[in-house]
Amino acid sequence: MSNLPRLPRLVMNIAKQSEEKEIWQPKWNCFCCHDYGYVQPNLVRLIIPNYDSDKDKMPLCQRCDAGERWSSPEIESSLDMRFDSEICTRLDEIERQNWKETTQQKQRQLMQKAFVATEQVTKSLRTRSRTPEERNCARRRHEDCRAS
């Protein structure tokens with residue numbers, strides 16, 4: 001392993017990356033169950049604080065029709081039917097608000113990264129202003145480059 005070459009990092013252009021970056025939008029209709037039919041574990045824990053998705057019965061979502069796929073007698077014994085449509089609707093609203101806040105936060109982060117990248121590109125490395133002689137020399141070099 002020690003004979004492998006070492007290469008420097010190649011950093012992407014953050015400003016370009018943030019302009020092209022889109023925040024992922026969900027395809028599901030029900031935020032309570034994400035169209036799976038059972039309430040998402042993080043939401044279940046708002047109602048059942050010690051909920052363990054590996055050991056406890058899965059609460060069936062009563063807000064949408066996706067829970068109907070779980071309505072066979074063999075599966076119903078492993079489902080928690082205590083969540084009514086009102087609870088599921090409230091959990092849906094909470095998850096929609098969480099999603100909205102998450103996307104807004106992500107958007108702010110992307111904008112901040114783009115701002116920092118732009119600021120770094122436009123920021124001068126010069127610690128002092130040019131003297132008149134330096135300005136003239138720079139102007140002459142610029143004119144020579146344009147002429148060639």
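Mentor: Start with a pair of side chains: R96 and D92 meet in a salt bridge, at 2.6 Å from N to O. Keep in mind that this is a predicted model.

Trainee: Why is the contact between R96 and D92 called a salt bridge?

Mentor: The term asks for a side-chain nitrogen of Lys or Arg within 4 Å of a carboxyl oxygen of Asp or Glu. R96 and D92 have an N to O distance of 2.6 Å, so the pair qualifies. Both residues lie in helix α4, 4 residues apart, which is about one turn of the helix.

Trainee: Which residues are joined with R96 into one network?

Mentor: R63, D92 and R96 are joined by salt bridges that share partners. The bridge between D92 and R63 has an N to O distance of 3.5 Å. That pair links distant parts of the chain, 29 residues apart: D92 is in helix α4 and R63 is in the loop between β1 (58-59) and α3 (73-76).

Trainee: Is D92 buried or exposed, and how do you know?

Mentor: Buried means under 20% relative accessible area. D92 has 3%, so it is buried. R63, at 33%, is partly exposed, and R96, at 34%, is partly exposed too.

Trainee: How many salt bridges does a search of the whole structure find?

Mentor: The search finds 5. One of them joins D80 and R82, at 2.8 Å from N to O.

Trainee: What makes R82 count as exposed?

Mentor: Exposed means over 50% relative accessible area. R82 has 61%, so it counts as exposed. Its partner D80 is at 8%, under the 20% limit, and therefore counts as buried.

Trainee: Why is H34 called buried, and what is D35 called?

Mentor: The limit for buried is under 20%. H34 is at 14% and so counts as buried. D35 has 22%, which puts it in the partly exposed class, because that class runs from the 20% limit to the 50% limit.

Trainee: What makes L46, I47 and I94 a nonpolar patch?

Mentor: Such a patch takes nonpolar side chains joined within 5 Å, from residues with over 30% relative accessible area. I94, which lies in helix α4, has 37%, so it passes the area limit. Together L46, I47 and I94 have about 260 Å² of accessible area.

Trainee: Which residues form the positive surface patch?

Mentor: R126, R130, R140 and R141 form it. Arg counts as positive, and like charges are joined within 9 Å. R126 lies in the loop between α4 (85-122) and α5 (132-147).

Trainee: What is the order of elements in the chain?

Mentor: From the N terminus on, the order is α-α-β-α-β-α-α, with 5 helices and 2 strands. Of the 148 residues, 22% count as buried.

Terms used. Residues are numbered from 1 along each chain as its sequence is written. This is a predicted model: local features need pLDDT of at least 70, side-chain atom pairs count only at pLDDT 80 or more; totals for chains, interfaces and linings use all residues. Side-chain values use heavy atoms; hydrogens and water are left out. Accessible areas come from the Shrake-Rupley method with a 1.4 Å probe; for residues, only the protein chains shown count as cover. The place of a charge is taken as NZ of Lys, CZ of Arg, CG of Asp or CD of Glu. Buried means under 20% relative accessible area, exposed over 50%, partly exposed in between (1.4 Å probe, protein chains only).
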